[in-house]
Amino acid sequence: MNSFVYENATKIYFGRGGVREHLAEAVQAFGKTVMLAYGGGSIKKNGIYGEVTEALKAAGKEIVEFSGIMPNPTYRKVLEGKKMVQENGVDFILGVGGGSVMDCCKAISMAAATDKDVWKEYWIERGNVDFEPVPVGVVVTVVGTGSEVNGEGVITNEEEKIKTSRNYPRCNPRFAILDPEYTYSVPPLQTAAGGFDMLSHVMETYFSAPDGDNLSDAISEAIMRSIIDNLPLAIEEPENYEARSNLMWASSMAEIGIIKLGKRCDFEAHMIEHQMGAYTDCNHGMGLAVIHPAYYRRICKDGLAKFVKFAKNVWGIPGEGMSDIQLAYAGIGFFPKLVDLIIILI
Ligand code: NZQ
Ligand code: ZN
């Protein structure tokens, strides 16, 4: 394995009733005024908003609301959030939602704590974060990105037509509340998209160097098998706790850094999807589901042994009587088959 240094600053509360049990205590240390940030309103329909505001009030917090964070959050929205934090003396940002809400909150936490143009200095350039961002905590309501356990923020600059990410450990959420029941109301198509996103995170890591036997890849194989097993189940039975909880933890495990230890991680399919998203505003996971099979068919000859291992260990193809290239193609071929299965279920 390559050398590494590992640290993850996010405290995780996993399980049913997490907001009711832990939120009031989790926010206690962070000052009086909390900016409650969320998306287009799903949290008001499924009851999450009520549970969160109740816990914040029980903790004696003053709540400032910041709503309307869109999928693929824009830099314009980040600047809107920065203004709200500064004008209201916000001490703590609580993001309640998926990757878009969490990423936007992280970028706001940087923007609100400096006079610099963070897009130019920290997203286009890789600036040194020589200041303390406003602390962020998250309550996850849709899984896939793993944003809850890293310092990454993916932001779209609509004017420049660039969607890009940066991972600053100082932006790691101070805590993440993961209640699988909060994802019961996620529609099938978004559940599938999130499933592909997490699968993509693991595959992009797994197929990066080094390729010799290593523990990170062995853990990756287990995570991929779990996603493949649980994704159709969660779509068929949206309130299946085991399936939703396995997916929720797989999503975090893919991005918490453990499987990336000792790996290079070029994330090529993600780079393609992000730029496609900058022009089309497409759903992130759906974009990846289209890009991956085509991309892997193109590159698999250059890493044949790994694609053979993937076909056997992840998809369970025995491979008797098949050449390596046939086996590699069969493994990649299962990916669109999973898409077909999901389309049938939806
Ligand atoms: O906005 P609301 O009304 O809340 O609806 C959302 C949104 O329309 C809905 N939703 C969320 N929770 C729900 C729910 N609907 C019903 N019930 C619930 N409990 O789901 C829709 C999608 O939400 P979004 O946050 O956009 O999805 P996702 O989590 O897939 O995030 C996508 C963004 O994250 C970035 C992507 O590029 C994209 O911008 N990524 C972030 C990463 C990171 N920070 O580590 C890594 C990823 O590779 C990815 O690039
Ligand atoms: Zn992704």
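User: What makes strand β2 and strand β4 a pair?

Analyst: In this predicted model, strand β2 (residues 33–38) and strand β4 (residues 92–97) share 5 bridges in the parallel sense; since two strands count as paired when at least two bridges are found between them, β2 and β4 therefore qualify. Within this pairing, V34 stands opposite F92 in β4.

User: Why are β1 and β3 called edge strands?

Analyst: The open sheet has 6 strands with parallel pairing, in the order β1-β8-β5-β4-β2-β3, and β1 (11–14) and β3 (62–66) each pair on one side only.

User: How do you know that helix α3 packs on the sheet, and which strands does it touch?

Analyst: Contact means heavy atoms within 4.5 Å, and helix α3 (residues 48–58) touches β2, β3 and β4, while its direction makes about 170 degrees with that of β2. Helix α9 (residues 241–255) lies across β1, β5 (136–140) and β8 (175–178), and runs at about 170 degrees to β1.

User: Why are D197 and H270 called buried?

Analyst: Buried means under 20% relative accessible area; D197 has 3% and is therefore buried, and H270, at 4%, is therefore counted as buried as well.

Technical notes. Residues are numbered from 1 along each chain as its sequence is written. Chains are lettered from A and ligands numbered from 1 in the order in which they are written. This is a predicted model: local features need pLDDT of at least 70, side-chain atom pairs count only at pLDDT 80 or more; totals for chains, interfaces and linings use all residues. Side-chain values use heavy atoms; hydrogens and water are left out. Helices (H or I, at least four residues) and strands (E, at least two) are DSSP runs, numbered from the N terminus. Axes are lines fitted to C-alpha atoms, for helices over the stretch in contact, and angles run from 0 to 180 degrees between N-to-C directions. Buried means under 20% relative accessible area, exposed over 50%, partly exposed in between (1.4 Å probe, protein chains only).
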